[in-house]
Amino acid sequence: MRLFANLFETLDTTTSTHAKIDAMVDYFRGADPADAAWAVYILIGRRLKRSVGPSLLHTWLIEEAGLPGWLVEETYGSIGDLAETVALLVTPDPPAPPDGRGSTSSELRLRDWFHERILLLPSLDLEEKRRLIVGWWRSLPYRECFLVNKLLTGSLRVGVSRVLVTRALAELFDQPRTHVERALIGAWDPTPEFWGAMMRDESSTDSTHPYPFFLASPLEGPIGALGPRKDWLAEWKWDGIRGQIVRRAGQCTLWSRGEEIITDRFPEIVAAAAALPDGIVLDGEVLAWRDDRVLPFAQLQQRIGRRKLTQKILKEIPARFKAYDILEWDAEDWRNRPLQERRAQLQSVLTSLASKQIDISVGLREDSWEALAVLRESARTQGVEGLMLKAWDSPYGTGRQRGAWWKWKIAPFVFDGVLLYAAPGHGRRSNLYTDYTFGVWHGEVLVPVAKAYSGLTDDEIRTLDKWIRSHTREKFGNVRSVEPVHVFELAFEGIARSPRHKSGIALRFPRIKLWRTDKRAVEADTLGNLQAVLEQLQRDVR
Amino acid sequence: MISDDLVVATPRGLYCTAGDFYIDPWQPVERAVITHAHGDHLRGGSSRYYLARPGEGVARIRLPKDAFVASLEYGEQHTFDRVRISLHPAGHILGSSQVRIEHDGCVWVVSGDYKREFDPTCAPFEVLACNVFISEATFALPAYRWSSTPIVAREIFDWWNSNREKGFVSVLFAYALGKAQRILAELATLTNEAVYVHGAVASLVEAYREAGVTMLPTFPATVVSAKNFAGALVLAPPSAAGSPWMRRFGECRTGFCSGWMRVRGNRRRRGYDRGFVLSDHADWPGLLRTIRETHAGRVLLTHGYTDAMCRYLQEQGVAATALRTEYGAEN
Ligand SMILES: [Zn+2]
Ligand SMILES: [Zn+2]
């Protein structure tokens, strides 16, 4: 555990890619296979079910800290992260350095931490849980204490991308990255056997295994720089759930890009896929689709949110799979063939399937960039996010490799909102107020309409944090309401009615574009302005 | 509002009316008693400066050449009108002082910045009994507790060595005055190798050597003095991070030494490869212990988390209030 905690600290602190990869390679080289498998599991962001909720930890912290409750809250407010506040307040006195050296109580191996401790917690009653966890707090040095709390609450975010983990493992095993990537995708258990198979490059894996998704990069330069239009496939950029249909060994599995199996959630798609020939993998988008047009993403979300798929839901929000690509045909990996060849094959497969539930995402016919640009302007009324551009000669890569696939999105909607509430951020910004809630005018009052985290520079965040601390009106837990003074320009991708929100609307992917220091709160937008956008959108859709 | 207090906060700084002098003023005044030479405590433009003899060398580096400086030995009495003052070690940096002020049988102590940990570069903090204690509160939250300095020194040394094995330069950022010299002195117990220092650190290291502080040998981190920095340790002020000056080192790993490194958010946001928790300020237990040991009936707090400390002390039955000052930005 100590070694993994030290690795975590390095990954967490450094911004150097090299330093991160070095640290991982060093760790894995010295790690036991069982520990290494668990480490990979955590590093690529797989999560265990949380074994204890943050509110319990919070209660126990106040009981255990030996300090007035308000002071614990004040400290939590300043640190911004519960797991860390525990580690800072409850570790033995004097604390072991953040490095964790100088303490002997953390020699339990990473594997054993899971198998002998954390995974056993769910079967225990509350008192027993409390006794054990508080005991760990009192015996672990800072780093491990922090890490254990994060694992318990299932909220660990590691400062390392999956791509970097893949690079480190590829370097360690001296294998191509694609092999490692393939081994890591899909369902696997963190066992020494898994580690061994990956090391020997024989992650044969089971028959449901998907391929790593190839992702597009946002188009930044002028469209003309891509060269002749005829070298590119242009499609709508559908706004659904990216997925893969894996049809092998008489079985059919639907995977989401988040590497979840969502087969059960979309019975109509899976039923249609049963008629596909064996040994085939399709890449595409799961969409809510009714009366010959795509439904807003919010509806698809609603359907996923339902615990039980009733006949009513299936009828109200039917789903479809728009296929983009064919990755495997006749049990052969087709990813290195040019897109042109793959699309021809895809077309022929889907023509003979003749299913509405699985059809092709058509190539757009506009034969000049200018014509495409005009079409793109109409994207919103089509219920899509913009266009996708894919080079006809491109293979199906892994991850986000620039150059072959571009997304050409439509400009977002914007409005001016007033900062109303602030809460501490996560990770890198956990001791700064960086999670903001914005409101717009509804008569004389400001109603909250959007939460946003990203978009400000570090300097702006620091300035705003200082201001928030000295202009707080009320505190609710670690959320502060502030004087309604600051105006921000916010962008968003979509808007839907939402009875769950006080404002009656929900914005999709809101984010901060600009701090409008030139504007006063009275100049911010009104709820009426946003409702007008919603109505306009609904008119367009009709 | 008229106050009977011996020391009050004024727009120019902490002021002793009865003795007509200021302590660490942030605007030019006639008589300035200085606790130490950090930028937020020692500012130029005053007519006369009074400070502790061991701190004279570093203060002179930071003051104009023609500044009038009177230095007092630790413990030596000096009289301003009917007020007796004396300076006593604060354990913060070389020559740092607490100011003891006595008038009509009443004793006030202004702590300046201080710490309770052992520091080989300066005289240890002296506990002074007083009626009113004006204390700093930079790290006045219970989350801030320091590990023992030798453990942190060992961490720094191990980090340097592991970078060296890979052929990387270790660039360690630390405040140029005080922290950098303390690191050089602490590392001297682990090795006798030379360390490269940034220009802003070099002159202060010289002043420390002249005051008799034992530290590792140092070279200026100029391109001519070293053909190749590979494997070396370099000490630099935080302002050098990300500047073109860094280019000379090629492949390097960076670290930062500060009490703020206790908190993960700070370690991450700074973007250094490593954070080392080493502070020249008192931690939470250090502040509480000191306040207790002075037996002061009244405590006034400057810099940092003054509000939390105030409320905590009040609940413990100590009359505590916050004083508005402009201290805080060390450098
Ligand atoms: Zn200072
Ligand atoms: Zn200070």
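**Labels and their grounds**

Reply: Start with a loop. In chain A, A:D292 sits between strand 5 (280–290) and strand 6 (293–294). Bear in mind that this is a predicted model.

Me: What is the phi of A:D292?

Reply: Positive, about 65°, although A:D292 is not a glycine. Most residues other than glycine have a negative phi.

Me: Why is A:D292 called exposed?

Reply: Exposed means over 50% relative accessible area. A:D292 has 67% relative accessibility, so A:D292 counts as exposed.

Me: Where is A:A249 found, and what is its phi?

Reply: A:A249 is in the chain A loop between strand 3 (241–248) and strand 4 (251–256). Its phi is positive too, about 50°, and A:A249 is not a glycine.

Me: How do you know whether A:A249 is buried or exposed?

Reply: Buried needs under 20%, exposed over 50%. The relative accessible area of A:A249 is 62%, therefore A:A249 is exposed.

Me: Turn to the cavities. How many of 30 Å³ or more are there?

Reply: Six. The largest cavity holds about 110 Å³ of space.

Me: What makes a space a cavity?

Reply: A 1.4 Å probe fits there but cannot get out.

Me: Which residues line the largest cavity?

Reply: Among them are A:I42, A:R46, A:R47, A:F114, A:G154 and A:S155.

Me: How does that lining divide?

Reply: Five residues are nonpolar, three polar and two charged. Arg counts as charged, so A:R46 and A:R47 fall in that class. Gly counts as polar, so A:G154 goes there.

Conventions:
Residues numbered from 1 in each chain as written. Chains lettered and ligands numbered in written order. Predicted model: local features only at pLDDT ≥ 70, side-chain atom pairs only at ≥ 80, totals over all residues. Heavy atoms only, no water. 1 Å grid on protein atoms, 1.4 Å probe; cavity = no way out; pocket = protein on both sides within 12 Å on 5 of 7 lines; lining within 4 Å. Points joined across faces, edges and corners; volume = space filled by probe spheres on them. Helix = DSSP H or I, 4+ residues; strand = E, 2+ residues; numbered from the N terminus. Buried < 20%, exposed > 50% of the residue type's maximum accessible area, 1.4 Å probe, protein only.
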